[in-house]
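Have the structure open while you read.

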Amino acid sequence: MTIPTFILRNALRNKRRLILTVLSVSVSLALFTLLQAALHLLTREKPMNEESALRLVTRHKVSLANVLPEKYIHRIERTPGVRAVSRFTFLGGIYKDESQTRFAQFVVDADRIFEIFTEIKVDAQQQQLFQKEKTACIVGTKLLERNGWKLGDKITFKQGLWPVNVEVLIRGAYTRASPDEPVDENMVFVRHDYFDDLLGKLGLVGTFWIRAESQEAIPQVIQQIDSAFANTSAETKTETERAFQLGFVSMMGDVKTFFGSICAVIVFTMLLVTASTMAMAIRERSREVAILKALGFNGTQVFGLILAESLALSLCGGVFGSLGIKVLLESLDLYKLSDGNIQMFPVPWQAVSLGLLVAFALGVLSSIVPAWTSIKTTVVEGLKTLD
Amino acid sequence: MPKPIVQIRELSKIYTRADNVVKALDNISLDLIEGEFVALMGPSGSGKSTLLHIIAGIDRPTRGRCIVQGTDVGELDQTQLADWRKDHVGFVFQSFNLIPVLTAFENVELPLLLTSLSSRERRAHAEAALKLVGLGDRTHHLPKEMSGGQEQRVAIARALVTDPTLIVADEPTGNLDAHSAADVLTLLQTLNREWNKTIIIVTHDPKAASYAQRTVHLEKGELLNGDGQHPSPHISNLKSQTS
């Protein structure tokens with residue numbers, strides 16, 4: 001027998017209580033990790049990848065609800081440091097009925113969009129068809145599968161945001177260029193010229209999406225575009241893709257405080273559960289602790305045994321909860337399970353590490369009081385305790 | 001003259017509970033000789049267990065000194081005391097006090113985890129101790145799978161596995177039937193006679209005390225001599241030894 005074996009035997013003595021405690025810590029830590037992952041996803045300052053870091057969005061300075069003249073594209077194109085630019089407008093049409101329209105449609109420039117979103121992969125032939133046919137559209141592979149669409153199918157988006165019905169032919173399906181790319185395969189791309197025709201050549205655009213030559217060029221590109229349209233009737237605001245996304249998140253309010261409060265409640269509840277379990281476990285063993293002390297275990301060693309047991313319990317919960325939820329979410333087809341509502345839910349290692357760190361802290365904190373009580377109780381007092 | 005292994009000098013233990021002051025031990029002086037088998041006898045509340053606890057280093061005197069093999073145990077702090085107990089004292093309790101989740105072998109091996117012995121050496125020591133108490137074939141049994149007598153023999157094996165200076169036993173037969181009690185006492189007697197172990201037992205049973213070489217009587221915290229007189233002849237010699 002070794003000290004770790006002894007700790008393990010002690011931890012396993014009341015299996016039902018152990019299982020229930022580990023389960024409650026696991027479930028709480030899984031929820032904590034999920035919230036941390038969501039918070040990371042929503043508030044992360046860094047872009048998803050290098051490609052994303054090169055993308056910029058130009059929108060109306062006042063708000064996203066205001067549109068820009070499409071002719072701006074020519075000025076943007078000429079800006080030094082811009083490699084490609086595409087008109088990019090949210091169509092917001094309705095497919096069949098609102099309940100079935102759980103995907104976004106965007107109006108783009110067919111010949112440029114794939115230069116900007118390089119993490120999207122489309123068959124070259126399908127790409128050519130999209131560029132040739134005005135009424136062609138490209139859809140995400142998952143969306144294609146979910147709706148049972150086939151290439152060549154005609155789909156109609158009834159007027160939603162814009163006062164036009166858009167009837168398009170599916171000419172291609174895009175997928176992610178590599179399995180690690182966080183690409184939403186749940187969108188539809190429609191051609192801008194076709195949409196503009198339907199609108200009666202109004203020449204309106206929601207946003208312009210730009211791919212910069214390099215990261216170094218970005219500050220200059222932003223400054224040059226916005227100053228080019230300063231003092232016009234439609235001034236622009238150009239920002240990085242990530243800043244643009246964070247703008248959406250900020251519309252939801254103070255997400256950090258909201259998620260942080262829920263996490264704090266979870267951690268506090270877990271602390272109560274584990275502290276109560278450890279207190280019960282050690283109180284039941286007051287006599288045994290006294291025996292250990294009589295046999296020559298000193299206060300530090302007794303504290304070490306209790307701490308190790310508490311850590312084993314909480315870290316077990318941490319591994320099952322934090323690591324388990326990552327493995328689970330990565331192995332499940334969330335898209336199918338959520339009926340297309342959740343495309344993917346990446347759990348970053350930072351969230352898992354934070355979960356394990358919380359588990360570690362729980363282990364330490366929940367053992368302090370019972371360990372201290374055990375150390376302070378004399379051998380004689382401990383031996384008088386009833387079994 | 002044989003050298004005393006335990007020297008107790010003018011030892012008192014006073015408990016204060018609210019307004020009550022209880023003198024558990026009152027100015028006791030006593031010597032125990034190396035290799036002696038001593039029984040501390042007396043009625044409930046006489047202070048025999050308190051005296052045993054102080055000798056074993058799990059309680060502290062209020063006044064006086066308790067010197068075991070040259071170490072004044074009252075002078076040691078908690079960590080030093082724990083360390084001292086590990087090397088010098090083997091405990092046998094009335095209710096056996098084995099760790100229920102450990103097998104007989106593991107219970108005996110437990111004190112050895114605090115030593116620098118290798119796993120193989122620990123195994124050898126624990127097996128030898130269990131064989132010595134006649135339980136070589138019960139090594140993998142849990143306490144709940146053994147009789148009271150067997151549990152107490154495992155406790156004795158645990159007490160002697162570190163080869164301590166003293167083996168202290170607090171009412172070791174209190175929870176046993178007559179047959180098992182006789183077995184346990186015979187075992188303690190054998191350890192004393194054949195292995196020269198210094199053994200101190202606390203008992204209120206004269207039959208149990210009869211296994212010891214010497215009986216020390218206590219009453220109301222004071223020592224009585226062998227036939228109930230006070231002070232005991234043994235103690236009267238102490239003054240000349242200490243002066």
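This is a predicted model: local features need pLDDT of at least 70, side-chain atom pairs count only at pLDDT 80 or more; totals for chains, interfaces and linings use all residues.

H11 covers residues 255–284 of chain A, and its axis sits 9 Å from that of H15(A), at an angle of about 35 degrees.

Who's touching whom? On the H11(A) side you'll find A:Val267, A:Met270, A:Leu271, A:Thr274, A:Ala275, A:Met278, A:Ala279 and A:Ile282. They meet a set of H15(A) residues that includes A:Val358, A:Leu362, A:Leu365, A:Val369 and A:Pro370, along with the serines A:Ser366, A:Ser367 and A:Ser374. Sorted by class, this contact has 12 nonpolar and four polar residues, with no charged ones.

## H13 against H15

H15 (residues 349–376 of chain A) also packs with H13 (residues 299–331 of chain A), the axes being 7 Å apart and the angle about 155 degrees. Angles over 145 degrees count as roughly antiparallel, so that's what H13(A) is to H15(A).

This crossing is right-handed. The class tally for the contact of H13(A) with H15(A) comes to 17 nonpolar, 12 polar and one charged residues.

## The two domains

Zooming out, chain A splits into domain 1, made of 3–45 plus 254–384, and domain 2, spanning 67–233. Their centres, taken over C-alpha atoms, are 47 Å apart.

As for the contact between them, six residues come from domain 1 of chain A and seven from domain 2 of chain A. The domain 1 side has three nonpolar and three polar residues, and no charged ones.

Key. Residues are numbered from 1 along each chain as its sequence is written. Chains are lettered from A and ligands numbered from 1 in the order in which they are written. Domain bounds come from an automatic or database domain assignment. Two residues are in contact if their C-beta atoms, placed from the backbone, lie within 7 Å. Ala, Val, Leu, Ile, Met, Phe, Trp, Tyr, Cys and Pro count as nonpolar, Asp, Glu, Lys and Arg as charged, and the others, Gly among them, as polar. Axes are lines fitted to C-alpha atoms, for helices over the stretch in contact, and angles run from 0 to 180 degrees between N-to-C directions. Helices (H or I, at least four residues) and strands (E, at least two) are DSSP runs, numbered from the N terminus. Angles under 35 degrees count as roughly parallel, over 145 as roughly antiparallel, 65 to 115 as roughly perpendicular and the rest as oblique. A crossing is left-handed if the near helix is turned anticlockwise from the far one by less than a right angle, and right-handed if clockwise.
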